[in-house]
Amino acid sequence: MEHLREHFKRIDRKGYKAYKDVRGRYQAKDYELMIDFVQGDPFASPSRVRLHVPLQRTVISSEDLTSSDRKRHLADGLVRRLMVAIKKYSRQSWIIDVPGQEVLERTAASFRDEDIEICLSVVLPARGRTILGKQATVYFFEQLPKIIDEALFQLDRREVERVLTLCDKQQALRQWLKREDLLAFIANDAILPRKSGVSQKPLSLSEAVLFQSPQSFSRTFELPDGEQITGMAIPNGITLFVGGGYHGKSTVLEAIERGVYDHIEGDGREFVLTDCDAVKVRAADGRAVTSVDISPFITALPFQKDTRQFSTANASGSTSQAASIIEALESGASALLIDEDTSATNFMIRDERMQTLVAKEKEPITPFVDKVTQLYEEKGISSLIVMGGSGDYFDCAHHVILLDHYQPYDVTAEAKKVSATMPSRRRNEGGSSFGTMTQRTPTPPSIQTAKGKKQVAKARSKTHIQLGVHDVDLSDVEQLVDTSQTRAIASIFQHLENERHLGHISMAALAQWIESCLDQEGLRAFTPFSSAHPGDLARPRRLEICAAFNRLRTLHIESKSV
Ligand code: ADP
Ligand code: MG
């Protein structure tokens, strides 16, 4: 570190470019410091610094790190502590990738062998373009040690235990969901509503109606420490949420959507857990669709447009929703989560009167209501549907839950009675089986990061990736919850292009392969090799990676029927 101090002294008052000299590796008393990247000017993206802190210097021991889930939770806890310490000791200089309410695997902090690896960014100080060496010395020799001391060395054992206990409970519950063939679990007293449409923080206790399971869905699970947790267990199958407008249907569904991720203590959704492979699908008119076999839902489009390899640069509501479902199945979804608010009506329902006026031969769409049972019985895909506007799903639903003043009630029996006494005279248009599935192989021109002489693959926001001269719109991918996940997807794309991985295997196999790389090597597996510093990535699910792939307007597919 004394070398670094001398560097700063020597380049003080020089032009900004002289900062380039400080790149390198330095040994401090308590950690190793690596300056991986130095910004070219004061307004460019910040410089990148990595720390290796020996586990031994903290109260975390290798016995705490017995699973990837525990590592993820503890690392997340450290990032949050670093965030607080940075705020306290450095006004604008140090930066860490800030997590939201979810506990995601992220590169900002991770465990490697005997070390904790921390990735930070820092704006190296200047007046105009003149280096402020003394100020830089303050950053690295006063602020940084204080930040590390408070966030890591002052960490006490009780906090470690708290994080691990919550993690272990969540994982035990997830395993129980699997064993019991449940789609989701919502604990009693969970807080589902959020503060606002733009904040994932919980609505205050004085305003929120806490969740209480209907008696018939109530299950109690005994946690590893003997504590009992009771709540609503939603079995796999076809489940319908009904109820008046503004009675909380979408709020429940959104909580279930996010239940594929773990949440931090205090979020209110700590024990709202959903099968990790459940996928929210919605209509997104205007999206591109490339060679998707949507024939289970849509056939005989005007002018004989092929729906077994359906491509369009501008999908309609119904075709986009059909494509999103088929794509989700291809990437290994276990369940579909659907909200009427974001669905195409003509994709979801088609009533008796419409069947009479517009003959089946004139309607390309087979509505989801006639496919949902086949999906479950033939393919084992559950569906959870919010539908306040039509009773047509009563016949096929296994469970019907009414939301009234934000409280759920089991109305399955009543709904079945309505089905029996007021039989729907609509004809089932679903045919004898779900239909064909086609294997798709993405080929190299799919990913084009070239922009002039440069390669560009970056997240512009949570919902937009720039690849070369192209923009990828992910705004309908609702379970992408963190910009750092979007950045990770961009860097996966870059990697796939550079390593020439495309053209050999199907989309489904590619998704599996990416997932197993992430399992084994973590996000590092896909870090752009131009930088040692992975910085600000968080792990996306296989399902969102595929969703992004499928939204590339440059996607190029070779397909074959299976
Ligand atoms: P629906 O889909 O049934 O029309 P929403 O789920 O959109 O209704 O909820 C309507 C409003 O009620 C939203 O502003 C939401 O934040 C609020 N809300 C939902 N659930 C609760 C709850 N449990 N406690 C308090 N407010 C809630
Ligand atoms: Mg709604």
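Q: Is tyrosine 246 buried or exposed in this model?
A: Buried means under 20% relative accessible area, exposed over 50%, and partly exposed in between, with a 1.4 Å probe and protein chains only. In this predicted model, tyrosine 246 has 76% relative accessibility and therefore counts as exposed.

Q: Which value does phi take in arginine 500?
A: Arginine 500, again a residue other than glycine, has a positive phi near 55°; its place is in the loop between α11 (483–498) and α12 (507–521), and with a relative accessible area of 69% it is exposed.

Q: Which protein atoms are the donors of the magnesium ion (ligand 2)?
A: Donors are N, O and S atoms within 2.8 Å of the metal (3.2 Å for Na, K and Ca), and water is not among the atoms, so sites may look incomplete. Here the protein donors are Ser250 (OG) and Asp341 (OD), lying 2.1 to 2.2 Å from the ion. They link distant parts of the chain, 91 residues apart: serine 250 is in helix α5 (residues 249–258), and aspartate 341 is in the loop between β19 (335–339) and α7 (345–348). Serine 250 is buried at 18% relative accessibility, whereas aspartate 341 is exposed, with a relative accessible area of 57%.

Q: How are residues, chains and ligands numbered or lettered, and which atoms and pLDDT limits apply?
A: Residues are numbered from 1 along each chain as its sequence is written, while chains are lettered from A and ligands numbered from 1 in the order in which they are written. Local features need pLDDT of at least 70 and side-chain atom pairs count only at pLDDT 80 or more, whereas totals for chains, interfaces and linings use all residues, and side-chain values use heavy atoms, with hydrogens and water left out.

How values were computed:
Helices (H or I, at least four residues) and strands (E, at least two) are DSSP runs, numbered from the N terminus.
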